[in-house]
Amino acid sequence: MASQRNGAALSLRPVSLSVPLDTILIGDCVAELEKLPPASVDLVFADPPYNLQLQGDLRRPDQSLVDAVDDAWDQFESFQAYDIFTRAWLLAVRRVLKPTGTLWVIGSYHNIFRVGSALQDLNFWILNDVVWRKTNPMPNFRGRRFTNAHETMIWAAKGADSKGYTFNYEALKAGNEDLQPRSDWLIPICNGAERLKSESGVKVHPTQKPEALLARVLLSASKPGDVVLDPFFGSGTTGAVAKRLGRHYIGVERDRDYAAAARARIDAVVPETEESIAAAPAKREAPRVAFSTVVERGLVRPGARLVDERRRHEVVVRADGTLAHGSVVGSIHRIGAIVQGRDACNGWTFWHVEDGAALKPIDTFRDIVRAEAARAG
């Protein structure tokens, strides 16, 4: 996290005339982003200055000095100055973000509400706020407030009508033991061998984020081969994780020492295998399969009886792929809605067939048809 307000522009790697992939640009973030093609970035992760407004030194009970964030890049003369800075970099990000791209911004209570207000003023559409709950936060040494044990991330699309943005829901749910992914993430702060330090043992960057946090962001909202931009590159966590997970990165950083440390860190990263990072297929993007096809293939036979998960409703499968509920005939979706007294229903997940003593959703057979088509094609 480092302010990009000043500094000469220089790339640590040769920059192409189009999109400078896998590159760290040194300079002011707004000026550098203006050089990028419009609509060229799939995902932005921004860790801007927090404007912490620290009042004097912070000491532990034994009077030892806490290594707090008191760098010049985190200091602004007023809230108005911070707001102007925030709007400027958000507008620059908006220009380079693809219509299907999304933005993640992380902050603390010092700044995240001001950033959120600016986002909405600029017509970004907030999709979620995600709480990063730290397993090992810094204690509150003075005992005058609650221990500050979390930071907030805002996930936003370019507008209320944005469509086609990436959210790897099925993969996230499967990796979470088939439970829906939640918006509170319990992850330790960056420490141990992951923390970059100088030869004298001093932290290279005071606000280095854990790779586990960035990995979850990238795995949630991007795909292999996507371009990920970090306008406040700092120690290069975004770039390191992007390289490991098969994404491209563009970093902007005004401090040459931070950029050099980030470059060395990223160069040492070994990418994961293509097989291990391949995007899991999303059901909403899978080829359409009609229930009549399932019946034609004999996977569910005419005359079979379907029930809901609690066995409250029962229907009969007809040879043309429709369902009969008494004298009412219709699609798996329409009949599912009717028996529940609802306007709509996903019949694929609502209706089940008997499988011994258990029930099997008919969606299982749709997956079989898709798999067969994939092998044939």
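A: A charge is said to sit over a ring if NZ of Lys or CZ of Arg is within 6 Å of the ring centre and within 35 degrees of the ring normal. The structure is a predicted model, in which local features need pLDDT of at least 70 and side-chain atom pairs count only at pLDDT 80 or more, while totals for chains, interfaces and linings use all residues. Residues are numbered from 1 along each chain as its sequence is written, and side-chain values use heavy atoms, with hydrogens and water left out.

Two residues illustrate the placing of a charge over a ring. Arg94 lies over the face of Phe124, 4.9 Å from the ring centre. Lys134 is placed over the face of Trp132, at 5.0 Å from the ring centre.

Rings may also pair with one another. Rings of Phe, Tyr and Trp (for Trp, its six-membered ring) form a pair if their centres lie within 6.5 Å; planes under 30 degrees apart count as stacked, those over 60 as edge-to-face and the rest as tilted. The model has 11 aromatic pairs by this rule. In one of them, the ring centres of Trp155 and Phe167 are 5.5 Å apart and the planes stand at 45 degrees, so this pair is tilted. Trp155 belongs to strand β6 (residues 150–157), whereas Phe167 is in the loop between β6 and α4 (169–175), so the pair ties together parts that are 12 residues apart in sequence. Here helices (H or I, at least four residues) and strands (E, at least two) are DSSP runs, numbered from the N terminus.

The two partners can also be described by their accessibility. Buried means under 20% relative accessible area, exposed means over 50%, and partly exposed lies in between (1.4 Å probe, protein chains only). Trp155, at 4% relative accessibility, is therefore buried, while Phe167, with a relative accessible area of 28%, is partly exposed. Another ring pair joins Phe350 and Trp351: their centres are 4.8 Å apart and their planes are at 80 degrees, so the pair is edge-to-face. Both Phe350 and Trp351 are buried. Ring pairs also link Trp104, Trp155, Tyr165, Phe167, Tyr169 and Trp185 into a cluster.

Charged side chains come next. Side chains of opposite charge can pair when their charged atoms come close. A salt bridge is counted when a side-chain nitrogen of Lys or Arg is within 4 Å of a carboxyl oxygen of Asp or Glu. By this rule there are 16 salt bridges. One of them joins Asp184 to Arg182, whose closest N and O atoms are 2.9 Å apart. Asp184 is partly exposed at 32%, whereas Arg182 is exposed at 61%.

A salt bridge also connects Glu372 with Arg297, at 2.6 Å from N to O. Glu372 lies in helix α12 (residues 363–376) and Arg297 in the loop between α9 (291–296) and β10 (305–307), so this pair ties together parts that are 75 residues apart in sequence. Glu372, at 32% relative accessibility, is partly exposed, and Arg297, at 45%, is partly exposed.

Glu354 and Arg311 meet in a further salt bridge, at 3.2 Å from N to O. This pair links distant parts of the chain, with Glu354 in strand β14 (residues 352–355) and Arg311 in the loop between β10 and β11 (314–317), 43 residues apart. Glu354 has a relative accessible area of 45% and is partly exposed; Arg311, at 44%, is partly exposed. Arg311 has a positive phi of about 60 degrees although it is not a glycine.

Finally, the packing of nonpolar side chains deserves attention. In soluble globular proteins, nonpolar side chains tend to be buried together. A nonpolar core is a set of buried Ala, Val, Leu, Ile, Met, Phe, Trp, Tyr and Cys residues joined through side-chain atoms within 4.5 Å. The largest such core has 32 residues, and those with the most contacts inside it are Val44, Trp89, Leu90, Leu103 and Leu229. Its largest share, seven residues, comes from α2. With contact meaning heavy atoms within 4.5 Å, Leu103 touches several residues, among them Val44, Leu90, Phe124 and Trp155, not counting residues up to four places away in sequence. Apart from this core lies another, of 31 residues, including Leu43, Trp104, Leu218 and Ile266.
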